[in-house]
Amino acid sequence: MQIEEKFEPTIVAFCCNWCSYAGADLSGTNRLQYPANVKIIRVPCSCRVNPMFILRAFQRGADGVILCGCHPGDCHYTTGNYYARRRMTLLFSMLDFLGIERERTRLEWVSAAEGAKFAATMNDFVETVTRLGKNRRLEDLRCNK
Amino acid sequence: MQRIGVFVCWCGSNIAATVDVKAVAEALGKEPGVVFFEDYQYMCSEEGQNKIKNAIKDYALTGAVICSCSPRMHENTFRKAAAAAGINSFMVEIANIREQCSWIHKDKVSATEKAIVLGRAAIAKLHLNAPLTAGESPVVKRALVIGGGIAGIQTALDIADAGFEVDIVEKKPTIGGKMSQIDKTFPTLDCAACILTPKMVDVAQSEKIRIFAYSEVEAVKGFVGNFNVSIRKKARYVDEVKCTGCGLCTEKCPQKKVPNDFNLGLDQKRAIYIPFAQAVPKIATIDADYCTMLKTGKCGVCSKVCTAGAIDYKQKDTVLEEQYGAIVVATGFNPIELTKYDEFAYSQSPDVITSLEFERITNAAGPTGGTLLRPSDGTHPHKIVFVQCVGSREDGNGCGKTYCSKICCMYTAKHAMLTREKYPDTEVYVFYIDVRTPGKNFDEFYRRAVEEYGVHYIKGMVGKVSPENGKLMVRASDLIEGKQLLIDADLVVLAAAIEPDKSARPLATMLTASMDTNDFFTEAHPKLRPVESPTAGIFLSGCCQGPKDIPETVAQASACAAKVIGLLNKDKLTCNACVAHPDEMLCNGCSTCEKVCPYGAITYESKEFRMPDRTTRIRRVASVNPAVCQGCGACTVACPSGAMDLHGFSNRQIMAEVDAICK
Amino acid sequence: MEQKNLKETVLRISGVNPRKCMKCGKCSGTCPSYDEMEFHPHQFVYMVENGEIEPLMASKSIYRCLTCFACVERCPRQVEPAKLIEAVRLTVIRQQGQNHLKPDAIPALLDEDMPQQALVTAMRKYAK
Amino acid sequence: MQQVIRDKALSLLEAGKVDRVLAWKEGEFFYDQTPHVFKTAEEINRSLVYNGFSAANLSKYLVKETLKDGMIAVFLKPCDTYSFSQLLKEHRIPREKVWAVGIPCDGKLDIDRIRKAGLRGITSIREDGDRLSVSTIYGEKTVAKSDALAERCENCKSRKHIVYDELIGSEGEALDSGRFDAVEALEKMSPEERFAFWQKELSRCIRCNACRNACPACTCEKCVFDNPASGIESKAPASSFEEQNFHIIRAFHVVGRCTDCGECSRVCPQSIPLHLINRKFIKDINEFYGTYQAGENPDERAPLTNFDKDDMEPADAFRKGE
Amino acid sequence: MVFSYYPGCTLRTKAKELDRKARLAAKELGIELCEVPEWQCCGGCYPVAKDEIATKLSAVRTLMAAKEADRPVVTVCSACHNVLKRVNDDMKNDPVISDRANRYLQNEVPYQGEAEVLHFLEMLRDKVGFDRIAEKVTKPLTGRKIAAYYGCLLLRPGKVMAFDDPENPTIIEDFIRALGAEAVVYPYRNECCGAYLALEDRDSVKKKSSAVLNGAKAGGADSVITACPLCLYNLQKCGGEIPVLYFTELLFEALGLE
């Protein structure tokens, strides 16, 4: 009998150094659990995240990509998250336009004090992406050997 | 090819209990370029650092990957160790396997797997690292203090004392802040004015300090060492140089019905006023909302009586541009509005007052000349009820604050004690939930109120205050006796929660300094860096950071000054090494990056280039000022040709991490 | 029912988290029925948290609460003591034969002006 | 009109005002013209053409041409002037080296569309008001011009010249076009349908780079896809991802810079409707951040180099569509 | 203006005057009150228990009828108003209750608190406007000193009822002033009258109600008005000298109706 393995999605989380990465640290400090599927990449600011990185992640087999930054108005660099918000709004809308499941991408604002929000967001995102299943529409099959 | 060493930290059992550290080290040891791997109990300890240093030397490592706690904790520690062993400090990458792995996972297998992936990502990134050197920027040797209360005053005096110039910006017409409104101070009961006003005079007389009173910060640009601040000096309609502060105008002004905000509206002032006798600067100010001349063009009495000719009805706001090396936030606090607490009948009876109003009523310079009288009928109250924790310690879904306001227990003990001392025939009841008196001589002070002055401390809360026949019927519970009490009080004093001044939120945005959900400024570290904001060059003094009494405020103000002095004492600051840099051969000169740079760090220049086809061309290319660039990376994404990249977080480094994680 | 189950029942019915209480006593300071109660609102919160439900169930206090919600309105921690008292009362009257008000007793309590509302309310409060 | 343009080119050259003239040259087939730099009167009289098939947007060629010494004259249709203006804004063309002549345009023809109407063996086409006289090896036919227009011209956004030194003919106005209708139709589909649509379209991509090479916004010194150091170099559509990735990134790189000139779709040998991707971005920008037309106003901040504190969140953008 | 109207059991029996005068006054003000078809008794008091829905269903049915009619549902009785508003809030904000109730009622389109519940006084304040009422007054109650008695049901819980400031309400005082009388503000106007304890313990009720009336009397009131039949009963029965009236009676009088 073949037992179907539970689908474990690969989730890439880009976190800005000043708020969201610190928020992720805080959820660790408070021992708030979220699945190990989430792997965090530290960037100085949400505005450092190039759409190329997000597409790259999907190409290489990510099933969901989430970008976390400081709340609007609280960016360490004053305005970075505002630019990030416009870029991601347009990019996510485009991916949707091309028929990619919109739930695979997400932008969230998590402050350094919001450890609980970080964990809750990740739990929710992992659950959502798990429900969607494997990313098929935006992957490079050659990377999947 | 790099020669990489991998160092896996146990962090005691913090990591090792959930992550198989040996398995992580061994797995990572098989990665390309890794020539050494090791695990150890505490990598951050001196012994652990020595292991790193030795391995760098013994194995000729070009870089190190440390799998440990968050880089926010020990990145600097490990960078210093690497530098001490002779490699560039930016050749260190940290895989966060504690906060973002062992502490959030319970299953050892998946946590170990994840730790290996995080380690791989760090190795992949490190392969693309290059040595970086940080640039330097000069420091403007002057500080700005925003807020002229006791916190701002103390910080300014200490900075000036060290020989640096300081400017104080105060939005009110005088410095002094809340402390100038207070009558006596706990736990010594010395008069607030007697200890505050000499400091205010010191400020006024200091050659190093400039006071911009009746002024507000309008815009802040720049960065640590080089802030450009726009300060709006609001029109006083009085020439600051000519006004002698004689006060004649404030006596002759025919507009007498102006609420006196210094006395919290308990009495009235004139439309031209000096807030109090010891004001600094002692210059009259016209309240444009009430001045008949400014509103209708008819009156001019103050101008006629002013022998100095200082009145100027045509005065306009002016905006000054000033440079500072450091900025101190000392914006202070206010009691919360009590309109949502009408079970205590605050808006229904003038005899229900806040503690700060009580201070003014008992202050010799206050509306009653220091005699304790009821606001409603001017009679002596014989029964006073103090209610503690009004709006403090709430659950966060209501209108109050979740925190303890910290100062109320002590000032209420003070009020109760002073009342009993001056008016022994007055019964004083204090309803408390807890009496919180940590602090030197604080609990002794509270005990004196109870034991020597006979203040009735009742454990319980007031449920309802009903104004009835000139009395205030206070219904409350006495939890210890198990009784519901009904007290016919003459005066009820509410210990209103304190909150940060409303100006703090927009200021934080200007300064890009972070705040917590209560609008208190966040400190760089809650224990180890309590007087600095995480934003470099921004320092915190007094209640803007959290509730504090005067001794604590002054202590923090001086600590803050010490930090500022430490900064101003430097001639140059080491800049961020992770700055943006354009590949000039790829740059289109299109000016897109410049538009998204929040620091104005990008300029364009025309340069002559030898092209691959051996011709020469003059091309417009971007150039980044590394002293100004803070390394956010906005430009790198705006750039269509990929010419702009960021040291330390390059496109290829981040993509290498992505690849390693998604493999 | 066991003590633990009783506590769970009360918490389930009320939806209240008594651990939020900071023991200020404002509920009891504002309760209009305080003097007629053996256990007071703050004690309900404290005793429910401690699992001492049976003494509360046996007490007449549960029929003295007017559900006027003064304690709920004024609680600084939004603990809502009145809901706890109501939950203890419901725990009692949901048991067989524990109706506090029996229909045949009603006529004696009425006068001709008594509005229906009082009856309906009392039946809901006192009977299953 | 062709003669007017030839005369203008000749007079500019003769007067010494310019050294070269950038215009359209007749090609191997009558419908297949190429951009060309004319240096002599003889060359102009021989092969400079202007008719319904003079479709190429010439503005982009100025980037390279202005690197050379001397002045160059260029003929720009209304939509080309938007691209020209955008390139000026991006400092890609030195304004002082260009003599821009605005010329009128009443829509360009699409040979494929005429063929699709069932006309075979076409040897030449003559414009006759709103009719086309089509000579085929089977005889003369006529077609309504409106049935032969390129899609981008059917949905022409403007007849106005944004920037020029002199104008031939009279000035037109910006138009109200239905250019977003096709995008809207796609938006209304289910994600599965949209995915199927784009998979079908994009899988035809042969990565000839014609779209990029014709695009007046794609003027990078070196394209990221050609640059080994960029980390995303790719030359061939080796998988469906590569096709998607190339077109998404290319479109994203021209967000706020794309004037919607339609060259990408015009030059695509596989007839992929690439302009729809760009138009989706333009439509989103218009809806999310207020109407923005690249190239229209040299002083206006582009949407991606600008922000509003109350901009919508990505999630709101999705909700808006529901 | 047309509103759905929910009279409730008491207004059909012991408080017929309250009902009749409310309808006539509304008519005079140009308001049409359409009685909710086949309404059921609300149950008299809001069922606090979170674990059962049966006691809330009659209120939900009324609310659904109001949603169906697509107009706000107006009540005069404070108790009905309290029950309807709070059950509506549950349907809007408590997913467990709302889900269970909708499933029990087998609603194809779930009811999620879409109806607007208004007290007659809220309708007067927010939809008609007290200034318009003042214009309509033909027999102003000049010289009368009237005290408003709110009790608990109109105001609490403040967040759900959103009727007025629960600790310092002004709506009935404003109403009194609109009718030309002087409003007497006095203590205990938002404290409980003793409510349904009237059945069991008259003494307890007497204590609470007399405190209210004494306060009003001390404030110089010549009458007290209320919106709740049970409050009215308790206040009257405690034997104060001051007449206690429904607020609608004053409105009726001031509008010059007979």
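This is a predicted model: local features need pLDDT of at least 70, side-chain atom pairs count only at pLDDT 80 or more; totals for chains, interfaces and linings use all residues.

Trainee: Thanks! How many helices and strands are there in chain B?
Mentor: Chain B has 19 helices and 34 strands. Helices (H or I, at least four residues) and strands (E, at least two) are DSSP runs, numbered from the N terminus. Its C-alpha atoms fill a box of roughly 90 × 65 × 40 Å along the principal axes.

Trainee: And what share of its residues count as buried?
Mentor: Of the 663 residues in chain B, 54% do. Buried means 20 or more other C-beta atoms within 10 Å of the residue's own, exposed means 12 or fewer, and partly exposed is in between, with C-beta atoms placed from the backbone.

Trainee: Which domains does chain B have?
Mentor: The assignment, automatic or from a database, gives domain 1 (4-126), domain 2 (142-234 + 317-332 + 501-568), domain 3 (248-305), domain 4 (334-499) and domain 5 (580-647). The C-alpha centres of domain 1 and domain 5 of chain B are 35 Å apart.

Trainee: Let's look at strand β1 of chain B. Why is it largely enclosed?
Mentor: Six of the six residues of β1(B), residues 4-9, are buried, so the rest of the structure largely encloses this strand. I4(B), V6(B) and V8(B) cover one side, and G5(B), F7(B) and C9(B) the other.

Trainee: Which strands pair with β1(B)?
Mentor: β1(B) runs parallel to β3 (residues 63-68) of chain B, with five bridges, and F7(B) stands opposite I66(B) there. With β2 (residues 34-40) of chain B, β1(B) also pairs in the parallel sense, over six bridges; V6(B) faces F37(B) in that strand. Pairing here needs at least two DSSP bridges between the strands.

Trainee: Changing topic: what is the order of the open sheet of three strands?
Mentor: That one reads β24-β25-β26 in chain B, with antiparallel pairing. β24 (462-468) and β26 (483-489) of chain B are at the edges with a single partner strand each, so one side of each has no neighbour in the sheet. β25 (residues 471-478) and β26 of chain B are joined by seven bridges, and D478(B) is opposite K483(B).

Trainee: How many residues does the contact between chains A and B take from each?
Mentor: It takes 41 residues from chain A and 42 residues from chain B. On chain A, α1 (20-29), β2 (38-43), α2 (51-59) and α3 (80-97) give two or more residues, and α1(A) gives the most, with six residues.

Technical notes: Residues are numbered from 1 along each chain as its sequence is written. Chains are lettered from A and ligands numbered from 1 in the order in which they are written. Two residues are in contact if their C-beta atoms, placed from the backbone, lie within 7 Å.
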